[in-house]
Amino acid sequence: MELTPRLAAVAGFIPQGVRVADIGTDHAMLPVNLVETGKSPFVIAADVNEKPYLAACRQVQAAGAGSRVEVRKGSGLEVIRPGEVDVVVMAGMGGNAIINIIDQCRGVLDDVIRLVLQPMTDAGSLRLWLARNGWRLVDEELVKEGEKFYVIMAAEPGIENQQDHFLLEMGPLLVEKYSPLLVEYLEKIKMDSQKMLSGLTRSRSEESMDKAVEITNRLTRLKELINRCRQGAEKYSG
Ligand SMILES: C[S@@+](CC[C@H](N)C(=O)[O-])C[C@H]1O[C@@H](n2cnc3c(N)ncnc32)[C@H](O)[C@@H]1O
């Protein structure tokens, strides 16, 4: 089972030989790939919706992977029991949906050694939430498919050392690793922030003005970070 660059990057963050749960699996491409390549001995492929659940069942059956991939139907982490898996993957869902899923079933994650997450939106909020809730970022990668950027992150239980909110929002390990796509990615965030700011400046409400000040400050740091990255600074210390 060939993976797209995005899913290949997700697979790249899964250590060899671990049991995995792929929550929101849809087509179960990742689970089938993980067992076919011998990376994982056992994967739970779970989805809350009927259509993706059935698509996953068909994919697993067609690949003859039924003894190593178990397809389950249900929401979030409620489909797994504590100790059943070592790594939990959530890819292709919104960052806030990922936060809600983790928050609702924390006990299930007591024995989990790593989360591999690929939020479609709100990557910054997800990093901040992880840092405040006993998870530390251990790796991040940026992938571009067509015109779209995808952030993939790995987090493990522990204390996040990065205290700088701005860097946590942008992706401290993307900055540290000096990802080749980083400048382009930050430019996109800058453009989105500028659009948001021009929308806010048309409003006179106090709330909008506060938000506009927040975004202006963020833009100042963002421009500084982009300049440093352009100059080839390998490490940005805030
Ligand atoms: C866009 S697909 C992503 C599929 C795959 N993980 C990927 O990255 O290519 C998102 C999937 O998450 C599922 N989903 C959404 N909320 C969920 C939840 N609370 N629990 C389990 N699955 C969920 C949807 O049904 C959908 O199949």
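## The shell around the ligand

In this predicted model, β4 gives the largest share of the shell around the ligand, 3 residues. Residues are numbered from 1 along each chain as its sequence is written. Because the model is predicted, local features need pLDDT of at least 70 and side-chain atom pairs count only at pLDDT 80 or more, whereas totals for chains, interfaces and linings use all residues, and side-chain values use heavy atoms, with hydrogens and water left out.

The ligand is surrounded by 18 residues, of which R6, G24, D47, N49 and G76 are the closest; a residue is near if one of its heavy atoms lies within 4 Å. By class, the shell holds 7 nonpolar, 8 polar and 3 charged residues, where Asp, Glu, Lys and Arg count as charged, Ala, Val, Leu, Ile, Met, Phe, Trp, Tyr, Cys and Pro as nonpolar, and the others, Gly among them, as polar.

The table gives polar contacts, that is, pairs of N or O atoms within 3.5 Å.

| Residue atom | Ligand atom | Distance |
|---|---|---|
| G24, backbone N or O | nitrogen | 2.7 Å |
| D47, polar side-chain atom | oxygen | 2.6 Å |
| N49, polar side-chain atom | oxygen | 2.7 Å |

Strands β2 (residues 43-47) and β3 (residues 69-73) run parallel and are joined by 5 bridges, where pairing requires at least two DSSP bridges and a strand is a DSSP run (E) of at least two residues.

Notes: Polar contact = N/O pair within 3.5 Å; in protein donor to acceptor, adjacent residues only side chain to side chain. Helix = DSSP H or I, 4+ residues; strand = E, 2+ residues; numbered from the N terminus.
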